[in-house]
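Hi,

Here is the structure I promised to pass on. Have a look at it first, then read my notes below.

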Amino acid sequence: MNRLTQTILYAMILAIMAVFLFNGRVALAAPDQNDKATSTQLTLTSGTSDFSELDIESRKQILINVLEFSKNEVSSLKDGLLNLKLDNDTWQQIRDEFLNKLSSFSDYYQGAEDKINSTSSPLTIDDVKSLASALKDWRENTYSPELDKIINMLLIFGTDNLLKTTQSRFDKISSDVKKLDKQHFVKTDALKNYLSQADKHLKNMKRSIDGAKKIFLKSIINSDAKNTSDKDVVKSADIKTQENSQDTIRKMAKDSLKELKITYEIFFSMNNNMKSGQ
């Protein structure tokens with residue numbers, strides 16, 4: 001196995017490892033299913049459904065389960081943000097603001113759990129229903145919008161890290177192909193064509209990530225400006241704009257991962273080409 005083949009194989013192994021790690025990091029990047037499940041449990045507990053046969057202890061246990069899950073979710077988001085390597089003051093400030101919000105969210109969940117477990121002021125079934133209803137509304141109107149933003153920030157920098165890793169391997173492969181070209185040991189026309197294709201997809205990936213960053217920053221700045229100018233009035237149009245921005249960011253991140261997948265398919269083809277030429 002020659003040096004170029006080793007380099008390509010190493011690049012592919014890194015890619016597979018990176019994708020697995022990345023998927024683990026952003027497993028929270030699809031919050032809709034978790035939110036739906038949590039919302040359903042809170043609906044049951046609040047008594048707004050037909051499950052009136054649930055006794056107070058069952059309702060309290062459902063609430064505690066939701067709160068424990070939510071606290072773990074907040075903890076995972078904190079870890080993800082703290083693990084980001086940011087060299088930009090603006091992004092660091094945004095991360096700090098998110099971390100502060102997550103701390104307040106954690107306090108909210110803990111306070112709700114303390115109420116449920118209180119022995120000095122035991123809750124009635126109506127109290128549990130009210131608490132579940134309030135928690136459901138709070139998650140939908142306060143927590144979930146911030147959750148979307150935080151997950152998108154993790155998604156942006158997760159894909160950016162994958163791009164940097166892939167670009168580094170691409171540069172290494174390109175260097176080895178140039179050396180082979182000078183030595184005239186191997187015909188490199190096909191390899192150079194593969195590299196040209198890979199370069200195009202890496203540039204597409206970078207454009208998607210850079211675009212997602214710009215939209216994200218703009219959405220955060222606009223959101224902060226609205227909150228500062230009018231804290232008591234939140235227009236539905238503004239909320240919809242924020243939601244659309246976050247959806248666009250997720251789509252751009254997804255597009256960038258498609259470009260990554262194609263790039264590594266090209267690396268596989270290069271490896272097969274080298275094997276057939278040996």
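Glu265 and Lys261 join their side chains in a salt bridge, with N and O 2.6 Å apart. (A salt bridge here is a side-chain nitrogen of Lys or Arg within 4 Å of a carboxyl oxygen of Asp or Glu.) The two residues are about one helical turn from each other, because they sit 4 residues apart in helix α7 (residues 236-276). Lys261 is exposed, at 53% relative accessible area, and Glu265 is partly exposed, at 38%. For those words, buried means under 20% relative accessible area, exposed means over 50%, and partly exposed is in between (1.4 Å probe, protein chains only).

Before you go further: this is a predicted model, so local features need pLDDT of at least 70 and side-chain atom pairs count only at pLDDT 80 or more, while totals for chains, interfaces and linings use all residues. Residues are numbered from 1 along each chain as its sequence is written, and side-chain values use heavy atoms, with hydrogens and water left out.

How many salt bridges does the rule give? The count comes to 15. Here are a few others to click on:

- Glu140 pairs with Lys136, the closest N and O atoms being 3.1 Å apart. They are 4 residues apart in helix α5, so about one helical turn separates them. Glu140 is partly exposed, at 40% relative accessibility.
- Asp199 and Lys203 form a salt bridge at 3.1 Å, N to O. Both lie in helix α6 (residues 189-229), 4 residues apart, so again about one helical turn lies between them. Asp199 is partly exposed at 23%, and Lys203 is partly exposed at 47%.
- Glu68, Lys71 and Glu113 are linked in a network of salt bridges.

Now the overall picture. The chain has 7 helices and 0 strands (helices are DSSP runs of H or I with at least four residues, strands are runs of E with at least two, and both are numbered from the N terminus). Of the 278 residues, 42% are buried. Contact means heavy atoms within 4.5 Å. Among contacts between residues at least 6 apart in sequence, 85% join residues at least 24 apart.

At the start of α3, a side-chain oxygen of Asp55 comes within 3.3 Å of the backbone nitrogen of Glu57.

Is Asp160 buried or exposed? At 8% relative accessibility, Asp160 counts as buried. Asp160 is found in helix α5 (residues 125-183), and leaving aside neighbours within four places in sequence, Asp160 is in contact with Ile209 and Lys213.

Last, a word on pLDDT, the predictor's confidence in each residue, from 0 to 100. The chain's mean is 81, and 73% of its residues reach 70 or more. Where pLDDT is low, the predicted coordinates should not be read in detail.

Cheers

Notes:
A polar contact is a pair of N or O atoms within 3.5 Å; within protein, one must be able to donate a hydrogen and the other to accept it, and residues adjacent in sequence count only if both atoms are side-chain atoms.
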